[in-house]
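Me: I'd like to learn how to read charged pairs in a protein model. Can you walk me through it?

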Amino acid sequence: MRHRKMLLGTVLALAAGTLAMDTTTPADADADAVVVGAADVGLADVGLADVGLADAGSAAAPGAGSPAAGSPGAGAAARPGATAGRNHAAPDTFYGRAFDTCQAPAVDTMRRWLASDYGAVGVYFGGRGRACADQKHLSREWLGSVDDMGWRVLPLYVGSQSPCVMAKNKQHVRIGDKPWEQGTREGADAVNKAEEMGIAPESPLYLDMEAYRYKQQDCAKTTLSFVRAWNREVRRHNYVPGFYSSANSGVTHMDEARREGVQDLPAVMWFARWHTTPDLNGEPALGRDAWQPHSRIHQYAGNVTERHGGRTITIDRNLVDAPVATLG
């Protein structure tokens, strides 16, 4: 089954070169999609950023040119759809389409959705800000089952949110007055939750940070401190820190920090810009050579309903060229 998904990825890679990004209708918001019928729907703006595995004291900025040793691009697959070898220098990578949804679907639904052209799934495995904290199906066994089917997994952690977060349903989980300590603590929690789920080191853990008013200086400083501390703690345990946010808020903020030479930035950038064609390389909020190669995900549509194999889910749509989880 993975060979079928990989072949699809190669076809998508050829097609991606013809896609032009429509920046005339930028989406500044996105949503934690939910399975149809679920009661808890949360607005989200997710994003992910920078280089690869590093010890706690080190942090290469996401930069241009050849990937540094230890970055997701170092030693990664040279062609879309291929998978990097599993070692401590580079995580597995995936090229192709992915969907994410607030509530992880039942195993049988995932089996039926093999009829779709998606090859990866985003799952919300932890964090106090999750819209769907009560995951009916998600477990270590669930991850093993979908992995056996050939699905690749993008683990999302919805922790504390920016003090100037826009979504009203996230304002009760805002970052406090000690952002570095809080970010370190929640980074450790993300690692613990990942280990409990059987998500092995070398895997990415994607921090979901909803859209926020990053131009507010004090708020931006607090948010960046939290994100950097979270990244450093995740790296310390040999996981790859990713960042998801709206292209017009968190992603723009992280790229400005990169340009200023800030350390401890994320390793993979998952940017939400809806109502556009899927485009990994044309995002105007990102430096063209930043978070390259194999370090970007574009969420290009959200809250859309699809039906495959007789099962209907409300999802967000993504184009991926980025690390995916290694399951132990």
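**Reading the salt bridges**

Reply: Let's start with one side chain: Arg236 is partly exposed, at 46% relative accessibility. Keep in mind that this is a predicted model.

Me: Which residue does Arg236 form a salt bridge with?

Reply: The general idea is that side chains of opposite charge can pair when their charged atoms come close. Here the partner is Glu233, with the closest N and O atoms 2.9 Å apart. Both sit in helix α5 (residues 217–236), three residues apart, about one turn of the helix. Glu233 is buried, at 9% relative accessible area.

Me: How many salt bridges are there by this rule?

Reply: The count comes to 14. Another one joins Arg112 and Asp108, at 2.9 Å from N to O. These two lie in helix α2, four residues apart. Arg112 is partly exposed at 33%, and Asp108 is partly exposed at 32%.

Me: Which residues are linked with Asp108 and Arg112 in a network of salt bridges?

Reply: Arg111 and Arg311 are linked with them. Arg311 also turns up in the contacts of Thr109, along with Ile313, once neighbours within four places in sequence are left aside. Thr109 lies in helix α2 (residues 107–112) and is buried, at 11%.

Me: What about Arg152 and Asp92: how far apart are the closest N and O atoms?

Reply: They are 3.3 Å apart. Arg152 belongs to strand β5 and Asp92 to the loop between β2 and β3, so the pair ties together parts 60 residues apart in sequence.

Me: Are Arg152 and Asp92 buried or exposed?

Reply: Arg152 is buried at 4% relative accessibility, and Asp92 is buried at 1%.

Methods: Residues numbered from 1 in each chain as written. Predicted model: local features only at pLDDT ≥ 70, side-chain atom pairs only at ≥ 80, totals over all residues. Heavy atoms only, no water. Buried < 20%, exposed > 50% of the residue type's maximum accessible area, 1.4 Å probe, protein only. Contact = heavy atoms within 4.5 Å. Salt bridge = Lys/Arg side-chain N within 4 Å of Asp/Glu carboxyl O.
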